[in-house]
Structure formats: structure tokens, C-alpha cells
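Subject: The structure we talked about

Hi there,

Here is the structure I promised to pass on. Please have a look at it first, and then read my notes below.

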Amino acid sequence: MVRRFGRTRASGRAAAVVLSLVVVLAAFAAFTGERRSPSSLSATSGRTTTAQVATSPLLPAVFHEPWSDRAGFNSTDLASAQGTEPASGNVSVELTLWPESDQLYAQRASGSPALSNSQIAAAYGVPSAEYRGLESYFETRGLAVVQTSSERLSLLVCGPADEVGAAFGTVLLQGMVAGHSVRFPSTVPTLPAPFEGLVSAVSGLSTGSSHFVIPFTRDAAPSSRPFQGSPSVISANAVHVIYGLNELYNYSGSTHWASGQKNGIAVILWGSGYDPNDLAYFFSQEYPSSFPQPTIVAYPGPGAPSPAATATSDPSNSTQEMTLDIEWSASEAPGATIDAVYARDGPPSAGYSPNDADMEAAINEAVSNIPGVAVISMSFGSLDGGDPSFQAALSQDFALAQAKEITVLAASGDSGGTVKGPPDCSGGLAPQFPAASPYVLAVGGTAPIVSKDAFGTVTGLASESAWDGSGGGYSAAYLAPGWETLGSAGQAIQAHGGHRGIPDVAGPSAENLFYYAANLNYGSGTSFATPMWAGLIAEMNAIRGAPLGFITDRLYSLANAQTTAGGSGIADINGGSNCIATATTGWDAATGWGSPRALPLYEHIAGTFVDVTVLSSGSSVAPGASVTITASVRNATSHKAISALSVDFTMTGSFPGPCTGSLASVANATTDSLGTTNVSLTVPSCYLGSDVSISATVNSGGYLGGNSTTVGINLFGLAGLIAVSETFPYNVIVFTAIMGVALSIGLWFGRRRSRPRTMAPAPRMPSVTGLPPPPPPPPPPPAPPPPAPALASPPVAAPLAQRPVVAPARRLPRKAPPRTVRRPPRGAPPPSDSPGAPGPGPP
């Protein structure tokens with residue numbers, strides 16, 4: 001009995017543990033399902049990412065590079081470096097993290113509402129617990145977390161070179177390659193399994209192999225200039241006249257300024273920033289007194305100094321670029337906020353070219369952490385396709401900028417499209433990144449000739465040709481997006497393998513004026529044209545009352561229409577050349593589509609925007625049922641309804657389950673005379689999410705716009721619980737509750753199994769004098785018990801010593817004790833039936 005009882009208790013406990021583990025593991029699997037590979041985009045191991053992401057057409061091409069390239073491992077440096085030794089000093093490393101959905105990289109409908117950081121984090125960010133775990137991992141390895149991402153899509157860490165290398169499972173080395181100091185990992189970087197699948201790229205482990213260059217050349221002061229001649233010195237004020245910005249400032253008969261915190265321009269660079277005295281002089285003397293003063297805010301990165309008079313002694317010469325970027329962008333957007341974001345200089349052995357991680361952190365700062373940024377201007381470049389780790393990081397930053405309706409611009413370079421540039425144009429093709437990115441508006445250069453009156457005042461633009469140093473060409477790393485394959489641009493791109501062509505537009509670059517180091521200076525470069533375009537877009541944002549966001553596709557649509565039907569928003573350049581192309585009618589690889597004409601450009605661009613209102617027939621619908629969606633389309637400028645316009649509808653689900661992604665769609669639904677169209681979309685029966693997103697997109701007839709709405713899914717009244725339980729901290733709470741219930745059930749089940757069976761006690765045999773021993777118990781069924789023997793004669797009491805000892809072999813159910821019957825002596829009268837009298841005995 002004791003052994004049987006012990007085995008029963010042990011088996012009960014085991015059952016409890018097993019049941020608890022099964023339920024806990026099931027709950028864990030259910031709730032960790034929120035951490036999913038983004039549409040075959042994430043990886044369980046960085047080294048297998050390429051194979052897993054190959055099916056996603058939305059990913060920028062750089063993410064298809066091997067993990068070793070995206071992590072900064074360069075076997076060429078390893079083989080050719082001279083004087084190799086372990087790296088020393090502090091190292092900054094930027095980690096780019098896979099988004100939860102590859103839809104982050106999709107082009108958004110123009111005019112879509114900008115997403116906030118919290119919305120991006122909810123839709124695309126790494127789950128909070130995993131992001132905190134990644135931070136904790138590096139902190140436990142002795143590194144400092146320098147910058148986090150509110151969208152949970154990047155992380156900047158810093159520490160001693162040996163500890164950084166150890167955290168990535170490698171050793172960092174340093175040496176000399178082709179006369180430059182380089183640093184690189186000795187083996188392919190790795191991370192522990194829980195974290196390696198989160199990381200899409202690592203920048204900063206290697207540095208010195210690629211160089212950032214500034215597209216700017218400082219020129220000597222011209223001895224004399226004719227009133228009309230070539231080249232003309234262009235000041236920031238002259239731009240107002242030759243490109244028609246004065247008409248834009250007085251649009252609709254009243255002045256419009258770019259003032260306000262929500263219309264900021266971020267200029268990105270490296271170095272020591274700027275001398276505040278130079279800017280103070282420029283905006284007091286070289287800036288129209290009737291214009292509102294700009295607001296200049298500095299954002300030096302880790303290790304970079306604050307702006308000061310000593311900035312002009314920076315040996316990298318980047319401070320003059322930062323100074324002219326601020327002066328030219330603010331001059332075209334009066335009253336704007338200019339955010340000067342810059343990383344620290346790199347080492348002298350690298351020509352002061354900054355560390356990849358520091359530059360990526362500066363751009364991420366502008367995209368994610370500075371309030372009110374609507375335009376980003378970048379006057380620097382590196383060789384297209386030359387640094388996959390850095391370009392992957394920036395590609396994600398640019399995708400985030402697009403989601404936030406931030407317009408990103410970059411200079412196309414000053415080498416004429418080749419390595420050495422004019423006049424010999426040798427060294428091979430050299431398209432520049434970030435201008436080559438499809439998310440960026442690439443700005444090339446022109447050489448304007450101005451008209452002047454007898455007093456030397458600029459009265460207009462006499463002519464404009466391509467500047468011979470204008471960067472251009474065809475990307476080696478990025479294919480052309482669909483919007484770039486229009487008209488003459490498409491013809492040229494197809495002739496070059498379908499790769500992205502740059503530049504997109506152009507502006508004054510041949511000879512320009514700026515104020516620096518307490519003097520007026522002259523310089524050339526696309527670094528003037530880029531901030532000029534940035535200021536123009538910021539001014540158009542201010543007039544429209546909302547950011548234009550990603551604008552490149554609209555510029556292509558407008559410019560292509562102009563070449564066939566006429567127009568004046570972008571002026572075509574038909575003369576001059578760079579090293580690889582001659583400026584001709586339509587798009588070319590020297591000037592793109594041409595230079596701006598501010599007022600008609602704004603009218604055309606703003607006129608293409610439509611406001612799209614999307615309504616559903618109900619707030620919730622069951623799986624397998626249909627929902628009616630109504631879209632109303634109006635011109636964003638005139639607010640008039642637009643009829644006979646095609647609208648595309650798409651239903652998208654994001655819940656991981658039997659079916660997700662694009663669930664249903666209707667293309668080319670046509671608006672009626674009221675600008676309205678209705679469609680019916682069916683939710684698949686297999687969809688188990690708590691809601692779906694339904695978008696309506698307009699991209700036809702020269703109009704662009706879109707909007708979306710959310711429709712709840714009624715899963716038998718549990719939709720709300722499912723939706724809540726998917727998000728932190730409710731997923732943790734629900735998981736804990738399930739685990740508690742599972743343990744309780746398991747313990748209860750174990751106690752039930754381990755509880756011993758309690759048998760009824762055997763009846764105590766009465767002590768009866770003169771009675772024989774009780775009959776033996778009946779045998780077990782089915783045999784019936786034998787009949788009890790009849791008593792033939794009264795029992796004779798045995799002496800006490802001879803009485804048999806009755807040992808209870810089994811405990812029987814308690815029975816009433818037998819009655820003691822005594823026979824009366826012979827001849828005695830029978831007993832009476834009166835109460836209390838003994839009853840008659842058996843016959």
C-alpha cells in the first residue's frame with residue numbers, strides 16, 4: 001500500500017508539471033508570434049538573410065548583399081592592409097534593425113498623412129522587450145548605449161575597440177591600405193542567436209575604406225565681371241529673381257513665409273559646425289531686410305564641438321560647406337528653422353572623413369529625433385555601391401523619412417560623373433550615394449548667365465547650360481523605380497540596364513557667393529544647388545500648409561508632361577555637358593529634367609494633390625463577410641470634386657495567421673460627378689486578426705493622393721481581447737495569466753491523481769455470549785454468496801479461554817449489530833407484544 005501510494009503521488013506531480021509546461025509553451029508560442037519575420041524579410045541568422053529577403057521586391061537592393069558586406073567585413077582590406085595590429089581607441093557602431101514589415105520600404109501614396117514615431121514603432125519597430133534585450137546585451141559587454149531610436153529600428157553603441165570587437169564575436173584590426181588608415185573586423189561579425197536575427201546591417205566596425213567627399217570648390221575672387229557674360233556670379237538673393245521665388249513669396253496676393261517649427265530644414269554634414277558670427281553678418285547684410293530672420297539650431301553629434309568662432313580653423317574644411325548650406329537654404333525659405341546636424345571629424349589619416357556610424361547617427365537624428373523637420377539637405381557623397389553597411393543603414397533612414405513626409409535631397413557630386421572629373425574625365429564612372437538612392441531627390445549643377453541692368457542689378461536669367469562638373473550617371477547598386485521610367489528618362493535608363501539615373505533636377509553650381517570666415521567668398525559645386533532646392537521645397541510646404549514629402553515621382557510626371565504638352569514648372573536645359581552626357585531635350589545625366597521656375601512649379605505640384613476621404617459601411621465585420629468602402633476625391637488646392645478619376649482599393653491585414661498581407665483589392669474604380677466611388681471588399685474567412693487596413697490610392701490623370709481607414713474584425717466578440725493581447729504590456733499580462741491558470745490546473749490535477757483512496761472501516765464485531773462465529777464473507781461477484789446455515793439448537797457457551805479469536809480479514813461496511821435472542825424454557829408462556837417487550841424469536 002505504501003509503495004502504491006508513493007507511485008501515485010509521483011505520477012500526479014509529473015502530470016502536473018507536464019500539463020503546466022505544455023500550456024506554458026503553447027502560450028509562449030502564441031504570444032511570441034508577435035515577433036515575426038517581416039514577410040520573409042527577417043533572418044534567424046544574419047548570414048542567411050540574403051536568401052530569405054530575396055522574395056521581397058520592396059527591399060532596397062543593398063539589403064540583398066551578403067551579411068558579411070552589410071556588417072562591414074572587407075576581405076580585400078584584410079588581405080592588403082599593411083602594418084596590421086589590434087585596433088585601439090573608442091569605436092562607435094550603429095546597428096540597423098529589421099522592420100516588422102517590408103511595407104516600410106514601399107512607396108507611400110503622395111499626400112498620405114505623415115506617420116508619427118509612435119505609429120511607426122507600432123507598425124514596424126522591433127518589439128520593446130527584444131529592443132531592451134539588445135541594449136542590455138551591449139551594456140553587459142561594457143559598451144555604452146549612446147543613441148536609441150524611438151521607432152526601435154536602430155541603436156548606436158560605443159566602447160573600446162577590443163570590447164566592441166568581442167561583442168560582435170571578432171577582433172578589430174587597423175592598418176594602412178593605399179596610403180589611408182583603415183579599421184576592419186578580422187572575421188565576419190556575429191551576434192548571439194537571440195539578437196542576430198534582429199540586425200540587418202552594422203556600420204562603424206570598418207572605416208577608412210570609403211571616403212565622404214564634399215561637392216564644393218572654393219574659387220578665387222573674380223577680378224571683374226561683365227553685366228552679361230559667362231559665368232555669372234550667383235548670390236542667394238539673385239536666386240529669388242532668376243528662378244521666380246519672389247512671385248512665390250507673394251502667392252495669391254499676400255506674403256507667405258516658411259516660418260514655424262513644423263517647416264524645418266535639416267542640413268547634414270560633419271566637422272565643427274559653423275561660426276555664429278559669419279551667419280549673423282550674412283543675415284544682417286546679405287539677406288533682404290524685409291524677410292523674417294531664420295532660426296538656426298545646432299545639433300552636434302557625440303564628440304563634435306558646439307558652434308564657435310574657432311570652427312573656421314577645422315582642417316576638414318567642412319565648416320565652410322555647413323555655413324553655405326545654412327545661408328542658401330534659409331535665403332530661399334524666409335523665416336525657416338535651420339537645423340545644423342553634424343558628426344565629428346574622422347582621423348587625419350583618413351583625410352578627416354567621418355566614421356560611418358557617426359554619419360548614420362547624424363542622419364537618424366534628423367529623421368527621428370528633431371521635431372518639425374520637413375526637408376533634409378545633404379551636400380556630401382561617397383561612391384555608389386562602395387559601402388553596403390552604410391548604405392543599408394541610410395536606406396532605412398530614407399524609408400522612415402518618406403513615411404514621415406520628409407523630403408530628402410542630396411548633391412549629385414562635382415566630378416562630372418567620373419572618378420577624376422573634368423577636364424580629363426578619366427578614372428571610370430563614379431555615381432554618388434546618397435544621390436543614387438531612389439528615396440532621394442538628386443540635384444545636379446547648371447551654369448546660369450544672368451541679365452543685369454545698367455546699375456548691375458540682376459533682372460533675370462539670360463540663359464542656362466549644364467555645368468561641366470555636375471555629377472551624374474547610372475547607379476551600380478539600385479534599379480530605377482517605376483516612376484523614373486517615363487519618357488526620355490525611361491529611354492536612357494533602359495539603355496543603361498534599367499539602373500537608376502541621376503541627377504533628377506539641377507540648380508546653380510558654376511560660381512556662387514557665400515559669406516565665410518568674415519569675408520565674402522566664391523565657390524562652385526552642387527552643394528549650392530542642393531540647399532537652394534531644399535529652401536524652395538520648404539517654402540512650397542509653407543504655402544500649401546502641409547509637407548510635400550516624397551516629391552521626386554511628381555517632378556518626373558510633371559517634367560515628362562511638359563516635354564510633350566509644354567509647361568514651365570521645370571525649365572529644360574539644352575546646352576553644355578558633363579563628363580558622361582550632353583544636356584539635351586528632356587531628361588539627361590547632366591542636369592536631369594532641369595532647373596526650377598518656382599511659381600508654376602508650385603501650382604503644378606500642388607494641383608496634383610488630391611484629398612481622399614475613406615469611409616466604411618460599418619465599424620466591424622466578421623471573417624468571410626463583405627464591407628462597403630466609399631472614397632471621396634477632391635482637389636487639395638481648390639477643394640472641388642474630381643470626377644472620372646480612377647481609384648485603387650487595397651485591403652491589408654497584419655495579424656500573423658493563416659492569411660495576412662494583401663487580402664483583397666479593387667483596381668480602377670471610377671469616381672462619379674460628386675467625386676465619389678464605392679467598392680465592396682470581402683474579408684477572407686481565414687483571417688484571424690482584430691482589424692484590417694483599407695487604403696484608397698489615386699495615381700492617375702496627373703493626380704496623386706491617398707488615405708486609409710481601419711475596419712474591425714468581429715471574431716465572436718473576442719476581437720477586442722485579441723487586439724489588446726497582441727501589444728505590450730497586455731501580451732505579458734495575458735501570458736502571465738495563462739501561465740498562472742496552467743499551473744493552477746496542473747497542481748489541482750496532480751493533487752487529484754496523488755490523493756489516496758479512503759476505504760470504509762470494517763464494522764466492529766459485537767461481543768455476543770453464546771453466539772457462534774459470524775459466517776464468512778460472501779465471495780466476490782458474480783458468484784452469489786452461500787446461504788447462512790440455520791441454527792438447529794441453542795448454542796452452548798464455550799469457556800472464555802476456548803472461544804475462537806475472530807480476526808477481521810477485511811473491513812466491511814458497517815452493519816447494524818445482530819439482535820440477541822433467547823429462547824424461553826419449555827412450557828413457559830409466549831412473550832407479549834407489548835412495547836418494550838422482547839419480540840418473538842425465529843421459528
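Two strands count as paired if DSSP finds at least two bridges between them. The strands themselves (E, at least two residues) and the helices (H or I, at least four) are DSSP runs, numbered from the N terminus. Please keep in mind that this is a predicted model, in which local features need pLDDT of at least 70 and side-chain atom pairs count only at pLDDT 80 or more, while totals for chains, interfaces and linings use all residues. Residues are numbered from 1 along each chain as its sequence is written, and side-chain values use heavy atoms, with hydrogens and water left out.

**A sheet**

With that rule, 3 strands make up an open sheet in the order β1-β5-β6, paired in the antiparallel sense. The edges are taken by β1 (82–86) and β6 (180–185); each has a single partner strand, so one side of each has no neighbour in the sheet. On average, neighbouring strands here are turned by 25 degrees against each other, direction ignored (axes are lines fitted to C-alpha atoms, for helices over the stretch in contact, and angles run from 0 to 180 degrees between N-to-C directions). Strand β5 (residues 172–177) pairs with β6 through 6 antiparallel bridges, and Leu173 stands opposite Phe184 in β6.

**Disulfides**

A disulfide is a covalent bond between the sulfur atoms of two cysteines; here the cut-off is a pair of cysteine sulfur atoms within 2.5 Å. The count by this rule is 2 disulfides.

One of them joins Cys425 to Cys579, with an S to S distance of 2.0 Å. This pair links distant parts of the chain, 154 residues apart: Cys425 is in the loop between β14 (407–411) and β15 (432–433), and Cys579 is in the loop between β23 (570–571) and β24 (595–596). The link of Cys425 and Cys579 is left-handed, with -65 degrees about the S-S bond.

Another disulfide joins Cys659 to Cys686, S to S 2.2 Å. Cys659 sits in the loop between β28 (646–653) and β29 (661–670) and Cys686 in the loop between β30 (676–682) and β31 (691–700), so this pair ties together parts that are 27 residues apart in sequence. The link of Cys659 and Cys686 is right-handed, at 120 degrees about the S-S bond.

For accessibility, buried means under 20% relative accessible area, exposed over 50%, and partly exposed in between (1.4 Å probe, protein chains only). Cys659 is buried at 14%, whereas Cys686 is partly exposed at 33%. Cys425 is partly exposed too, at 28%.

**Salt bridges**

What about charged pairs? Taking a salt bridge as a side-chain nitrogen of Lys or Arg within 4 Å of a carboxyl oxygen of Asp or Glu, the count comes to 6 salt bridges.

Glu151 forms one of these with Lys404, their closest N and O atoms being 2.5 Å apart. The two are 253 residues apart and link distant parts of the chain: Glu151 in the loop between β3 (144–148) and β4 (154–160), Lys404 in the loop between α14 (388–403) and β14. Glu151 is buried at 0% relative accessibility, and Lys404 is buried at 11%.

Glu484 forms a salt bridge with Arg500 at 3.1 Å between the closest N and O atoms, and Asp504 forms one with Arg500 at 2.9 Å. Asp504 and Arg500 are both buried. Salt bridges with shared partners join Glu484, Arg500 and Asp504 into one network.

Best wishes
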